[in-house]
Amino acid sequence: MSDFLRTRAGKQFLCLLVLGLALWLLGIELQFQQNLLGFLEAYRSYGAEAVVLALNIGGAMSFLYSIFRIYDLRKEMDLRAKAQARADWTATHDHLTKLPNRYAFERRLFGRRQMRSSDDDGEPEDQTVTVFSVDLDGFKKVNDLVGHKGGDALLIEVARRLSALGDVGCVYRFGGDEFIVVATGLTREREEKFARMIIHALTRPIHIGSLPAEVGASIGYATTTMADANLEEAAHCADLAMYEAKSQGPNRYFAYEEAMQNKVTERAALESKLRAAIQENEIRPFYQPLINLRSGDLCGFEALARWTDNDGISIPPPAFIGIAEETGMITELFENLLKQACLDARHWPDHITLSFNVSPVQMEDKLLATRILRILAKGQLPPHRLEIEITENALIQEPEIAALILDELHGAGVQIALDDFGTGYSSLAQLARYRFDKIKIDKSFVATYGSEERQEKIVRAMLGLGRSLGIKTTAEGIEEHSQLVYLVNHGCDIGQGYLFGKAVPADQAIAFIASRESDLPSVSQA
């Protein structure tokens, strides 16, 4: 039937049918009018005209009411549409920077899939789409310096600068200090140039009130095509490239490479193995000797984490310590190692101390001192035999909490050493603010003192600073007799390095203690 109506004859038939129906309705209307006039004539004396007039007036009023009601309904629909639009805008935009948010990006993904499934999306399929993942460097420091309101002002200015570079609606804030920029039609050379432009724009000083603040930017980017329209995968790849750039230092940019995904996969596998190793106590403390350079006697051991997996592969500490810090496993690993080290140290002579490192992440834990003292009590190791090593970087994250932790440990008798002295932030400021029993000169200074005059002067200044403050100094990385002689002549107190011995398991540490006097040459002989 539908096919017949599409033909010319069908259309003519339909027109005749409509015309006939209209004439029929007109006839009914005329018949109704004639009947109405007859009714009025027959019942004029009964007030029929008044009844009809009232009905006409009522109909007119109903018609006017319907018009006003339709107007009100339309007005209400407009208000609802505006409210819905405002709610939709709020849901898809960041309230601080007014940029589109992650939800808006996901909706854009859906829209691109719809466009790709349509017959004509209006855009060439071979056009490139590049997703830039931008993460600010040093934002937390600025936020701590100028406060949260100042940090908000900085993010607003960052959003403004990014919007000035990207197209309207193509800059997103995913939360915190992470931004996404989507650009189309860029060549490989223009992608690099655009990344450099972003870094240049964001590293220019940002004035917050009267205070200039500076941040950096780490950028990763990945490219897809309009035909693929796989922005979700491109954003994931851009994130991987951004993390690679961030690991290389501030103000770096990298294009995504497949090796980055392989690296993430390997890291995930290592994380899983690490979790199991911590639960099974497979990571053990090894002990590197600390030598009193004035007497040549063994005065302590530094506990160092060592892990050999089930395949017999030795995994370097920087590889798994970083993962433990990022995943929150560092606390359990720290407690396991310290418990074992305390048990091992009980078999050493009383004058030999145990030196143990604390991660910067742990210095944000208000219960750290309580955890340490509880482990000492359970392991029956006197607090004065434990020396906690803390890096300068660990003190700048939460300085108030760090001060409370150090005061509590000092009060219990635990010694505190400032590790990697000279490589962190504001070394002199840390010495003035906190009370340390020892400072450790980083091995990078010891290794180059002989070949670089400036390094030699720095080492000499550190040793002099320790003497003037009444703080013992430990030199790390001593591997040559010439280094040992230099440090002894300039008043270094304690030495550590391969010249004295490498890190060994607990049983070999006991053997080292027993054979120390006969096996190790005295300092005077060196």
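Visitor: Where does N281 lie?

Guide: N281 lies in the loop between helix 8 and strand 8 (284–292). Helices (H or I, at least four residues) and strands (E, at least two) are DSSP runs, numbered from the N terminus. This is a predicted model: local features need pLDDT of at least 70, side-chain atom pairs count only at pLDDT 80 or more, and totals for chains, interfaces and linings use all residues. Residues are numbered from 1 along each chain as its sequence is written, and side-chain values use heavy atoms, with hydrogens and water left out.

Visitor: What is phi of N281?

Guide: Near 55 degrees, a positive value in a residue other than glycine. N281 counts as partly exposed, at 39% relative accessibility. Buried means under 20% relative accessible area, exposed over 50%, and partly exposed in between (1.4 Å probe, protein chains only).

Visitor: And K98, where does that lie?

Guide: In the loop between helix 3 (48–92) and helix 4 (102–117). K98 is not a glycine, yet its phi is positive, about 65 degrees. Its relative accessible area is 46%, so K98 is partly exposed.

Visitor: Back to helix 8. At what angle do the axes of helix 8 and helix 9 cross?

Guide: Roughly 80 degrees, and the axes of helix 8 (residues 258–279) and helix 9 (residues 317–327) come within 10 Å. So helix 8 is roughly perpendicular to helix 9. Axes are lines fitted to C-alpha atoms, for helices over the stretch in contact, and angles run from 0 to 180 degrees between N-to-C directions. Under 35 degrees counts as roughly parallel, over 145 as roughly antiparallel, 65 to 115 as roughly perpendicular and the rest as oblique.

Visitor: Which residues make the contact?

Guide: R267, L270, E271 and L274 of helix 8, with A319, F320, I323, A324, E326 and T327 of helix 9. Contact means heavy atoms within 4.5 Å.

Visitor: New topic. Which residues of helix 6 are buried?

Guide: E191, F194, A195, I198, I199, A201 and L202. They cover an arc of only 165 degrees around the axis, so they sit on the same side of helix 6. The arc is that of the directions from the helix axis to the C-beta atoms.

Visitor: What covers them?

Guide: The cover includes strand 1 (128–137), helix 5 (139–165), strand 3 (178–184), strand 6 (216–225) and strand 7 (253–255).

Visitor: Which exposed residues are on the face turned away?

Guide: E189, K193 and H200.

Visitor: R188: buried or exposed?

Guide: Exposed, with a relative accessible area of 53%. R188 is in helix 6. From R188 to T223 is 9.2 Å, C-alpha to C-alpha, though they are 35 residues apart in sequence.
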